[in-house]
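Welcome! Have the sequence and the 3D view ready, and let us walk through this protein together, one part at a time.

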Amino acid sequence: MLMVNRVGALAAKPLLPDPIDQNATAVRRSLFLTERPATVSAVMHPAVLIPEGKFDASWLRLFGRVADLTELPADPEGATFTHEVGVIPTKDARINETYHDLAIVHPALTCLVDGDQSGNDYRNALSGGASPYPRIIQWPNGWTIEDVVAWVCTADPTVIAHADLDAFGLPANIAALAAHLKTDGPKRDEILHTSLADVIVTKPACSRRVRHILSVLAAIATGKAPPANSAAQVTHANGITIHSTFNDAFPGI
């Protein structure tokens with residue numbers, strides 16, 4: 001049961017309208033059985049972010065840890081992402097079904113899609129239909145979460161030369177990092193992901209980019225205006241959905 005306070009009006013909502021039975025979809029089984037603790041934790045936040053898949057969610061949680069560990073006392077952006085936005089461990093390629101299962105529970109859902117063709121297809125599908133989604137964030141053209149990680153690292157290319165990463169066989173050239181992370185082994189290697197995030201914590205320029213990314217996501221997900229020029233925002237023809245595309249050319253980052 002989730003208690004929701006909307007402008008002073010309290011409402012109690014069950015996570016699901018009916019018990020899970022043998023006919024439950026794979027998405028429901030994943031959300032409310034396999035990943036139940038992560039799902040419950042996410043929906044306890046004021047806003048909820050639904051990424052395309054579980055590795056996207058895992059990286060965003062790691063980014064949240066980086067932000068919390070490197071937040072500066074006078075940083076105007078602050079690490080509000082971990083305080084205000086819960087990340088759903090979306091079953092891969094099931095973002096649409098995940099949204100519909102959670103829409104009856106939480107009033108502030110935002111979908112995050114890749115900048116590739118699949119992401120465009122998701123964006124278009126999420127914007128259509130009788131109940132279009134209010135907020136969709138998309139990475140820059142052609143980007144997936146691995147490109148986001150590589151962009152963070154290019155702020156200080158020495159990150160991939162750190163001794164703690166020697167065992168993972170990362171490319172010597174930072175320009176090859178995104179392609180390397182997209183290959184099957186590194187894409188799924190959560191020990192590599194955690195180790196890379198730990199090294200990012202030690203690189204101020206890289207952690208600054210992480211905090212910037214999360215501040216943009218948090219602002220959009222909570223219904224606030226993102227920092228100026230940090231995202232291109234367009235209202236869909238349906239008059240409801242706002243498409244926000246992350247700007248990787250943000251000045252000073």
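## The sheet

Strand β8 covers residues 242–246, and five bridges join β7 to β8, the two running antiparallel. Two strands pair if DSSP finds at least two bridges between them. Helices (H or I, at least four residues) and strands (E, at least two) are DSSP runs, numbered from the N terminus. Please keep in mind that this is a predicted model, in which local features need pLDDT of at least 70 and side-chain atom pairs count only at pLDDT 80 or more, while totals for chains, interfaces and linings use all residues. Residues are numbered from 1 along each chain as its sequence is written, and side-chain values use heavy atoms, with hydrogens and water left out.

Now zoom out to the whole sheet. Six strands form an open sheet in the order β4-β3-β5-β6-β8-β7, with mixed pairing. At its edges are β4 and β7 (231–235), each of which pairs on one side only. From one strand to the next, the twist averages 25 degrees. Axes here are lines fitted to C-alpha atoms, for helices over the stretch in contact, and angles run from 0 to 180 degrees between N-to-C directions.

## Helices on the sheet

Helix α5 (residues 95–103) lies across β3 and β5 (109–113), and runs at about 170 degrees to β5. Helix α6 (residues 117–127) packs on the sheet too, touching β5, β6 (135–138) and β8. The direction of α6 makes about 170 degrees with that of β6. Contact means heavy atoms within 4.5 Å.

Is T110 buried or exposed? T110 is buried, with a relative accessible area of 0%; buried means under 20% relative accessible area, exposed over 50%, and partly exposed in between (1.4 Å probe, protein chains only). Leaving aside neighbours within four places in sequence, T110 is in contact with V48, L49, I50, R135, I137, I220 and A221.

## Two nonpolar cores

A nonpolar core is a set of buried Ala, Val, Leu, Ile, Met, Phe, Trp, Tyr and Cys residues joined through side-chain atoms within 4.5 Å. The largest one here has 50 residues, of which F63, W139, I200, I213, L214 and L217 touch the most other members. At least two residues each come from β3 (47–51), α3 (54–70), β4 (85–87), α7 (145–154), α8 (177–182), α10 (190–201) and α11 (204–221). Helix α11 gives the largest share, nine residues. A second, separate core has 21 residues, including L31, V48, I50 and L126.

Take I213 as an example from the largest core. Not counting residues up to four places away in sequence, I213 touches F63, W139, V148, W151, V152 and F246.

## Helix α7 and its partners

Nine of the ten residues of α7 are buried, so this helix is largely enclosed by the rest of the structure. The buried ones are I145, E146, D147, V148, V149, A150, W151, V152 and C153. They pack against α3, α8, α9 (184–188), α10, α11 and β8.

How do α7 and α11 meet? Their axes come within 7 Å and cross at roughly 135 degrees. These two helices are therefore oblique to each other; angles under 35 degrees count as roughly parallel, over 145 as roughly antiparallel, 65 to 115 as roughly perpendicular and the rest as oblique. On the α7 side, V148, W151, V152, C153 and T154 meet C206, R209, V210, H212 and I213 in α11. The residues of this contact divide into seven nonpolar, two polar and one charged. For this count, Ala, Val, Leu, Ile, Met, Phe, Trp, Tyr, Cys and Pro are nonpolar, Asp, Glu, Lys and Arg charged, and the others, Gly among them, polar.

## Buried and exposed places

In helix α8 you will find A178, which is buried with a relative accessible area of 11%. Not counting residues up to four places away in sequence, A178 touches E146, D147 and A150.

N229 sits in the loop between α11 and β7, and at 58% relative accessibility N229 counts as exposed. N229 has a positive phi of about 70 degrees although it is not a glycine. Most residues other than glycine have a negative phi. From C-alpha to C-alpha, A178 and N229 are 24 Å apart in space, and they are 51 residues apart in sequence.
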